[in-house]
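Student: I am new to this structure. Could you walk me through it, one feature at a time?

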Amino acid sequence: MKEQKERVKKTILGTMPYDEYADLITALSHKDFLTVHEASVFFGVGINKMYTLVRTPGMDFVVWYGKQRMVSREKFRDYIMNGNLKTK
């Protein structure tokens, strides 16, 4: 009998099976503030685009936690829903 390959999802946070990926997305949906990498995975935005956005002055969804930039999940969702995220 042919062995089935486990389907995996590749993200900036690593390669993981889809059930672990679903658990990760669920966990991230409960966090108020995400790291740039977590926001990239959660919202499906490329990591380079995320860094460009968080480095842009005046972005109200960026929150500083010490020296680390964090992304407010709710404010970034609103930013996307208002059509501010331009794609090529």
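Student: How many bridges join S4 to strand S5, and how do the two run?

Tutor: Two strands pair if DSSP finds at least two bridges between them. Here 4 bridges join S4 to S5, residues 68-72, and the two strands run antiparallel. Valine 62 has valine 71 in S5 as its bridge partner. Tyrosine 65 is partnered by glutamine 68 in S5. This is a predicted model: local features need pLDDT of at least 70, side-chain atom pairs count only at pLDDT 80 or more, and totals for chains, interfaces and linings use all residues. Residues are numbered from 1 along each chain as its sequence is written, and side-chain values use heavy atoms, with hydrogens and water left out.

Student: What do S4 and S5 form?

Tutor: A hairpin, with 2 residues between the strands. Glycine 66 sits in the turn and has a positive phi of about 70 degrees.

Student: What is the strand order in the open sheet of 3 strands?

Tutor: The order is S3-S5-S4, and the pairing is antiparallel. Strand S3 (33-35) and strand S4 (62-65) are at the edges, each with a single partner strand, so one side of each has no neighbour in the sheet. From one strand to the next, the twist averages 45 degrees.

Student: Which strand is joined to strand S1?

Tutor: Strand S2, residues 14-17, is joined to S1, residues 8-11, by 4 bridges, and the two run antiparallel. Valine 8 has proline 17 in S2 as its bridge partner. S1 and S2 form a hairpin too, with 2 residues between them.

Student: Now the helices. At roughly what angle do the axes of H1 and H2 cross?

Tutor: Axes are lines fitted to C-alpha atoms, for helices over the stretch in contact, and angles run from 0 to 180 degrees between N-to-C directions. The axes of H1 (residues 18-29) and H2 (residues 36-43) cross at roughly 115 degrees and come within 10 Å. That makes the two helices roughly perpendicular (under 35 degrees counts as roughly parallel, over 145 as roughly antiparallel, 65 to 115 as roughly perpendicular and the rest as oblique). Their crossing is left-handed; that term applies if the near helix is turned anticlockwise from the far one by less than a right angle, and right-handed if clockwise.

Student: Which residues of H1 and H2 meet?

Tutor: Contact means heavy atoms within 4.5 Å. Tyr21, Leu24, Ile25, Leu28 and Ser29 in H1 meet Glu38, Val41 and Phe42 in H2. By class, this contact has 6 nonpolar, 1 polar and 1 charged residues (Ala, Val, Leu, Ile, Met, Phe, Trp, Tyr, Cys and Pro count as nonpolar, Asp, Glu, Lys and Arg as charged, and the others, Gly among them, as polar).

Student: Is the crossing of H2 and H3 left-handed or right-handed?

Tutor: Right-handed. The axes of H2 and H3 (residues 47-55) come within 9 Å and cross at roughly 125 degrees. H2 and H3 are therefore oblique to each other. Val36, His37, Ala39 and Ser40 in H2 meet Ile47, Met50, Tyr51 and Val54 in H3. The contact has 6 nonpolar, 2 polar and no charged residues.

Student: How many helices and strands has the chain?

Tutor: Helices (H or I, at least four residues) and strands (E, at least two) are DSSP runs, numbered from the N terminus. The chain has 4 helices and 5 strands. From the N terminus on, they run β-β-α-β-α-α-β-β-α.

Student: And why is the chain said to be more spread out than a compact globule?

Tutor: Its radius of gyration is 15 Å, well over the 12 Å that the globule rule gives for 88 residues, so the chain is more spread out than a compact globule. The radius is taken over C-alpha atoms, and the rule is 2.2 Å times the number of residues to the power 0.38. Along its principal axes, the C-alpha trace spans about 60 × 30 × 20 Å.
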